[in-house]
Amino acid sequence: MQTKINNSIIELIQGDITEQGTDAIVNAANEQLLLGSGVAGAIRMKGGIKIQQACDKLAPIATGQAVITTAGNLKAKRIIHAVGPIQGQAIEDEKLAQATLNSLKLAEENNIKSISFPAISTGVFGFPMASCARIMLSVAVEYLKAGTNIERVVFCLFDNNARDIFVQTLKILLKS
Ligand code: AR6
């Protein structure tokens, strides 16, 4: 699914985020910026050691914050490492919204025109997919509505079920 908001596009796809050729991809990071499993593990394995080395210089960061590094050998030019909440933490919805917003702001500051997000916190961190879709998409839609130099925001979901949840959620958001 693809939809235009103001001068920008939101796109929802099923796929592997490490294969995306957008200017930046977002890593679902932890506060220590240690590239573990899931999205981070795929980035570590395909992107090479330079990414973890760059992370080590910037760590630690707080939940809800984001930092930018090289993308090593990946197709994307940069990686934005955003720390989402662990399910069960206090004010977790707000923290996921902050992680999304801070990633978009950091992209804008770095002249990034296209960015791919995973469903942050919905793997190892245990956050429900439907809540993630509602929160991340709401932030992205509001951000694009306000006007931005970012031309394309992609949500790259790992399986069809996640993609379908994001599609349904975006349709509801666009009607409201
Ligand atoms: N492309 C797109 N989505 C993916 C990919 C991929 N290659 N691999 C997994 N997903 P997770 P979190 C989906 O666990 O919950 C790591 O150890 C996955 O199905 O990557 O924020 C880090 O180092 C899920 O829907 O991130 C942190 O310690 C979503 O991406 C911690 O996990 C997020 O899953 C972060 O946990």
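1. Leaving aside its neighbours within four places in sequence, serine 116 is in contact with Ile17, Gln20, Thr22, Ala24, Ile25, Val26 and Val154. The residue belongs to strand S6. Is serine 116 buried or exposed? Serine 116 counts as buried, because its relative accessibility is 0% and the cut-off for buried is under 20%. Please keep in mind as you read that this is a predicted model.

2. Now step back to the whole chain. There are 5 helices and 7 strands, and along the sequence they come in the pattern β-β-β-α-α-β-β-α-β-α-β-α. The C-alpha trace spans about 45 × 35 × 25 Å along its principal axes.

3. Of the 176 residues, 51% count as buried. The chain exposes about 8100 Å², and carbon and sulfur atoms supply 51% of that area. How many of the contacts between residues at least 6 apart in sequence join residues at least 24 apart? The share is 69%.

4. Strand S5 (78-83) deserves a look of its own. In S5, 5 of the 6 residues are buried, so the strand is largely enclosed by the rest of the structure. S5 pairs with S3 through 6 bridges, and these two strands run parallel. Alanine 28 stands opposite alanine 82 in S5. S5 also pairs with S4, through 5 bridges, and here the strands run antiparallel. Valine 67 stands opposite histidine 81 in S5.

5. Next, follow helix H3, which covers residues 92-109. Its 18 residues reach 26 Å from the first C-alpha to the last, close to the 26 Å expected at 1.5 Å a residue. The buried residues of H3 are Glu92, Leu96, Ala99, Thr100, Asn102, Ser103, Leu104, Leu106 and Ala107. What covers them? The cover includes the strands S3 (24-29), S4 (66-70), S5 (78-83), S6 and S7, together with helix H4 (129-145). After H3 comes asparagine 111, with a positive phi near 60°.

6. A search of the whole structure finds 2 aromatic pairs. One of them joins phenylalanine 117 and phenylalanine 155, a stacked pair with 5.4 Å centre to centre and 15° between the planes. This pair links distant parts of the chain, since phenylalanine 117 sits in strand S6 (residues 114-117) and phenylalanine 155 in strand S7 (residues 152-157), 38 residues apart. Both phenylalanine 117 and phenylalanine 155 are buried.

7. Phenylalanine 155 also pairs with phenylalanine 166; this pair is tilted, with 5.6 Å centre to centre and 40° between the planes. Why does the pair tie together parts that are 11 residues apart in sequence? Phenylalanine 155 lies in strand S7 and phenylalanine 166 in helix H5 (residues 160-175), so the pair ties those parts together. Phenylalanine 155 is buried, with a relative accessible area of 0%, and phenylalanine 166 is buried with a relative accessible area of 0% too. Phe117, Phe155 and Phe166 form one aromatic cluster.

Conventions
Residues are numbered from 1 along each chain as its sequence is written. This is a predicted model: local features need pLDDT of at least 70, side-chain atom pairs count only at pLDDT 80 or more; totals for chains, interfaces and linings use all residues. Side-chain values use heavy atoms; hydrogens and water are left out. Rings of Phe, Tyr and Trp (its six-membered ring) pair if their centres lie within 6.5 Å; planes under 30 degrees apart count as stacked, over 60 as edge-to-face and the rest as tilted. Helices (H or I, at least four residues) and strands (E, at least two) are DSSP runs, numbered from the N terminus. Buried means under 20% relative accessible area, exposed over 50%, partly exposed in between (1.4 Å probe, protein chains only). The expected span of a helix is 1.5 Å times one less than its number of residues. Contact means heavy atoms within 4.5 Å. Two strands pair if DSSP finds at least two bridges between them. Accessible areas come from the Shrake-Rupley method with a 1.4 Å probe; for residues, only the protein chains shown count as cover.
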